[in-house]
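Here are a few exercises to work through with the viewer open. Try each task before you read its solution.

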Amino acid sequence: MSNEPIHIIGGGLAGSEAAWQAAEAGATVIVHEMRGVKATDAHSTTDFAELVCSNSFRSDDHEQNAVGLLHEEMRRCGSLIMRAADEHKLPAGGALAVDRHGFSAAVTQAIENHPRITVVREELDGWPPEDWRHVIIATGPLTSPALADAILAKTGEDSLAFFDAIAPIIHYDSIDHDIAWKQSRYDKAGPGGTGADYLNLPMDRDQYYAFVEALKTAPLHEFKDWEKVPYFDGCLPIEVMAERGDETLRHGPMKPVGLTNPRNPTVKPYAIVQLRQDNALGSLWNMVGFQTKMRYGIQAEIFRMIPGLANAQFARLGGLHRNTFINSPKVLDRDMRLKADPRIRFAGQVTGVEGYVESAAVGLITGRLTAAEARSETMLLPPITTALGALIGHVTGGHIEAESYSGARSFQPMNVNFGLFPEVSVEKPEGVKRWRGPEKTMAKRRAITSRALEDLKAWQ
């Protein structure tokens, strides 16, 4: 093992997990955390891995839920975050909820007491010094302005996306394909396209106006003062567009031009909602132009008013919020290293994942990768059939690029979900003629999770 330490910037869930994994692998680790010297607008303590929002790690069902599978994989990898969560869990049905203060205190104690980890309370006011040979930046969505500016300059990106619009993403197999049809506007193929690259959902006049009225009366998320979001005309929430006039959406993301419904070619739809493929597997599709700040509870209800989405299952609901994340597929290599400066790895939310556990999971992998590198060894990434591998696959390239002419940025933060996994074949039970609905879905999920844990075991 090299005597040169691994420097980890940020003591959130990702930074804490990365530090723990690297130290457990034998590396010397220095964690640089600015809280204690400089506060943020969201944190209230100086503890590591402080939970600033919910105290829930979401479902703990590792057979039927992707985040539950991620929990289990991380437990089997000796995760500090999962150990602390299990030690401080609270009753929450099938979810894993924690006593937030007990959880953070346990993580802090483990980090501060580890013999190979040193904690330095300081703000990094620029790019990591050149003599730091192994660095993990795990600063999360509240990256300090000085470091954010340094990242911006180093990556050459136009923006670090401090305010990002997020459109809902839907599981492909939950869309009614007896209603939807595939076609690009004016049959334009575009780069790498076929001319049938979008799923189109038609609305008649009554359906459209009912939808617009629902948008105008929907409850919205309220933001803290420091999270106030500036709206840009090219990136307006759909409910804001609806407020500007009943016809606005028909001349925006729901315009019905350049498309013909093959099931009813003589009738022109009054409005059309388009879905665009969102991941390389084709299992996830996003609602084009449907960024929103509607409350989560009402989003699914309103979007299911759209013909073809009555039974839609959402891998991610929409949002418009303050966030800091890099365009990871463009600026990172497959081992999470910054192409412009391979000394540097990134971990956590700044890489383009959402959720406590997802952030920690990326920290787990980057911690191990960097420790292996410090030993002059190469570590294989977990297979994409595992939750850990699927998440890293999303971060490093499992998405579809936006059309170059649109100016849109295609890579968006994502929770772990089954849409990120490769398909698995499931045999129909004997004696069953038509196998549909919940039973088939549950069987597919069991097959995915069983395969994941077997492949994780082989990887370990």
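**Exercise 1.** In this predicted model, find which residues glycine 11 touches, leaving out those up to four places away in sequence.

*Solution.* Start with the contacts: glycine 11 touches Ser16, Val31, Glu33, Arg35, Phe48 and Ala49 once residues up to four places away are not counted. Last, look at the record: the unreviewed UniProt entry has a "binding site" annotation covering Gly10, Gly11, Gly12, Leu13, Ala14 and Gly15.

**Exercise 2.** Is leucine 13 buried or exposed?

*Solution.* First locate leucine 13, which is in helix 1. Its relative accessibility is 9%, and buried means under 20%, so leucine 13 counts as buried. Now list its partners: setting aside neighbours within four places in sequence, leucine 13 is in contact with Ala49, Glu50, Leu51, Phe57, Ile81, Phe103, Tyr356 and Ala360.

**Exercise 3.** Work out how helix 2 (residues 66-76) and helix 11 (residues 387-396) pack.

*Solution.* Take the geometry first: the two helices pack at an angle of about 110°, and their axes are 8 Å apart. Helix 2 is therefore roughly perpendicular to helix 11. Then pick out who makes the contact: Ala66, Leu69, Leu70, Glu73 and Met74 from helix 2, with Ala387, Leu388 and Leu391 from helix 11. Finally, sort the residues of this contact by type: seven are nonpolar, none polar and one charged.

How values were computed:
Residues are numbered from 1 along each chain as its sequence is written. This is a predicted model: local features need pLDDT of at least 70, side-chain atom pairs count only at pLDDT 80 or more; totals for chains, interfaces and linings use all residues. Side-chain values use heavy atoms; hydrogens and water are left out. Axes are lines fitted to C-alpha atoms, for helices over the stretch in contact, and angles run from 0 to 180 degrees between N-to-C directions. Helices (H or I, at least four residues) and strands (E, at least two) are DSSP runs, numbered from the N terminus. Angles under 35 degrees count as roughly parallel, over 145 as roughly antiparallel, 65 to 115 as roughly perpendicular and the rest as oblique. Contact means heavy atoms within 4.5 Å. Ala, Val, Leu, Ile, Met, Phe, Trp, Tyr, Cys and Pro count as nonpolar, Asp, Glu, Lys and Arg as charged, and the others, Gly among them, as polar. UniProt positions are given in the numbering used here, feature names are shortened, and annotations may be inferred rather than shown by experiment. Buried means under 20% relative accessible area, exposed over 50%, partly exposed in between (1.4 Å probe, protein chains only).
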